[in-house]
Amino acid sequence: MIYKINILKNEKVITLIGSTKFKDSFENIEIISTLNNKVVFKPTYFLHIDNVKASDQTKFELDRSHKEKIAMSHAVFVVNEKNYWGESTAANICYARLLGIPIYLSLIHISEPTRPLYISYAVFC
């Protein structure tokens, strides 16, 4: 089932951030967003779920690349499954806030539609 996202009307380019443990949610939100005429950036690799071994240098480069995607975006969409995110997601949220990029939260529940809303993460920054 495909759900329409009713937010992000003026934001054409979005970056998905969140724990790479939730690859399926990233992919579902990417499909929904793309079908709603959005350009979507997401993590290149899902290191946790795909059990990919990466050197510290590779992780650093992937993180730098993802921050560049955030900087090119009109909005950031936090994949927030099971109310979980780690340090890198919190750092990405702070980075987006520093750049003045709107941040949206996705509440993911099994067999329920994505329910986005605007949030503030000042507590993390």
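The model is predicted.

**Stop 1: helix H2**

Select residues 56-71. This is H2, with 16 residues. From first C-alpha to last, H2 reaches 23 Å, close to the 22 Å expected at 1.5 Å a residue.

Now colour His-66, Lys-67, Lys-69 and Ile-70. These residues of H2 are buried. Look down the axis of H2: the buried residues fall within an arc of 155 degrees, so they line one face of the helix. An α-helix has 3.6 residues a turn, so residues three or four places apart point the same way.

**Stop 2: helix H3**

Move on to 87-98. H3 has twelve residues. Its span from first C-alpha to last is 16 Å, close to the 16 Å expected at 1.5 Å a residue.

Select Thr-89, Ala-90, Asn-92, Ile-93, Cys-94 and Ala-96. They are the buried residues of H3.

Step past the end of H3 to Gly-100. Gly-100 follows the helix and has a positive phi, near 75 degrees.

**Stop 3: Lys-67 and Tyr-95**

Go back to Lys-67, one of the buried residues of H2. Show Tyr-95 with it. Lys-67 lies over the face of Tyr-95, at 5.9 Å from the ring centre.

**Stop 4: the aromatic pair**

The structure holds one aromatic pair. Select Phe-26 and Phe-46. The ring centres are 5.2 Å apart and the planes stand at 65 degrees, so the pair is edge-to-face; the cut-off for that class is over 60 degrees.

Where do the two residues sit? Phe-26 is in helix H1, and Phe-46 is in the loop between S2 and H2. The pair therefore ties together parts that are 20 residues apart in sequence.

**Stop 5: Asn-37**

Finish in the loop between helix H1 (23-35) and S2, where Asn-37 lies. Check its backbone. Phi of Asn-37 is near 65 degrees, a positive value in a residue other than glycine. Asn-37 is exposed, with a relative accessible area of 54%.

Note on methods:
Residues are numbered from 1 along each chain as its sequence is written. This is a predicted model: local features need pLDDT of at least 70, side-chain atom pairs count only at pLDDT 80 or more; totals for chains, interfaces and linings use all residues. Side-chain values use heavy atoms; hydrogens and water are left out. Helices (H or I, at least four residues) and strands (E, at least two) are DSSP runs, numbered from the N terminus. The expected span of a helix is 1.5 Å times one less than its number of residues. Buried means under 20% relative accessible area, exposed over 50%, partly exposed in between (1.4 Å probe, protein chains only). The arc is that of the directions from the helix axis to the C-beta atoms. Rings of Phe, Tyr and Trp (its six-membered ring) pair if their centres lie within 6.5 Å; planes under 30 degrees apart count as stacked, over 60 as edge-to-face and the rest as tilted. A charge sits over a ring if NZ of Lys or CZ of Arg is within 6 Å of the ring centre and within 35 degrees of the ring normal.
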